[in-house]
Amino acid sequence: MSDQQVDKSRRTWVAIACGAGAVGGVATAIPFVSTFQPSERARAAGAAVEVDISTLQPGEMITVEWRGKPVWIMRRTPEQLASLDHTESQVADPQSLRTQYPTPEYARNQHRSIKPEIFVGVGICSHLGCSPISKLTPGAQPSLPDDWQGGFLCPCHGSTFDVAGRVFKNKPAPDNLEVPPHMYLSDSKLLIGEDKQA
């Protein structure tokens, strides 16, 4: 073989090796670069959640997950709404003005909601993060006062909340239950996690 043929053969093999290396580098880089994008689960964790409330009957409550938190959606009865007048003087922050969990402006009212009958609240106690249980039946019950109007009881340290998620006075919980940002897409569709039209 002549020197020219050897040089040509070397160049060919060098070109093939460089091409294979470039293809291998790109094949390796694509999965590596894609790891910098958030996963579907991570995107979903912060995404707004659409909820159909068309079948929610008065007195019923459903729980959905938003950002890893339980969010309660409750359709209150007329009697439950009337009980808020009774608890107004017994709760620590009736207008939700405290700032541990800033309450959206549209929920700074006695009902703590956009529509009086629908309560949307995060089901996590503002004390140490336990999940309160629903005690919606009025009347005397263990761990509750004799004039109990219905609401929520935190089983960890005894904090109590009315049916608007307002904490009663002299309880360990320093604040009302959090009201997440939310808005109505229609009479039967609720969007949790956003409260402004795009």
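**Entry 1: the model.** I noted before anything else that I'm looking at a predicted model.

**Entry 2: the sheet.** I looked up how S2, S3 and S4 are arranged. They form an open sheet in the order S2-S3-S4, with antiparallel pairing. S2 (61–66) and S4 (118–122) are the edge strands; each has a single partner strand, so one side of each has no neighbour in the sheet.

**Entry 3: S2 with S3.** Next I went through the bridges. S2 and S3 (residues 69–75) pair in the antiparallel sense over six bridges. I wrote down two partners: glutamate 65 goes with proline 70 in S3, and valine 64 goes with valine 71 in S3. S2 and S3 make a hairpin with two residues between them. In that turn, arginine 67 has a positive phi of about 55°.

**Entry 4: S3 with S4.** On this side I found antiparallel pairing over five bridges between S3 and S4. One partner I looked up is that of isoleucine 73, which is valine 120 in S4. I wondered how many residues of S3 are buried. Five of its seven are, so S3 is largely enclosed by the rest of the structure.

**Entry 5: the disulfide.** I moved on to the cysteines and counted one disulfide. It joins cysteine 130 to cysteine 156, with 2.0 Å from S to S. The torsion about that S-S bond is about -105°, so the disulfide is left-handed. Where do the two ends lie? Cysteine 130 is in the loop between S4 and S5 (133–135), and cysteine 156 is in the loop between S6 (151–153) and S7 (160–162), so the pair ties together parts 26 residues apart in sequence. I checked accessibility too: cysteine 130 counts as buried at 18% relative accessibility, while cysteine 156 counts as partly exposed at 39%.

Entry 6: The cut-off is within 2.5 Å. Looking from the other end, I found that cysteine 154 has cysteine 125 as its closest, again at 3.9 Å. Cysteine 125 is buried, with a relative accessible area of 1%, and cysteine 154 is buried as well, at 3%.

How values were computed:
Residues numbered from 1 in each chain as written. Predicted model: local features only at pLDDT ≥ 70, side-chain atom pairs only at ≥ 80, totals over all residues. Heavy atoms only, no water. Pairing = 2+ DSSP bridges. Helix = DSSP H or I, 4+ residues; strand = E, 2+ residues; numbered from the N terminus. Buried < 20%, exposed > 50% of the residue type's maximum accessible area, 1.4 Å probe, protein only.
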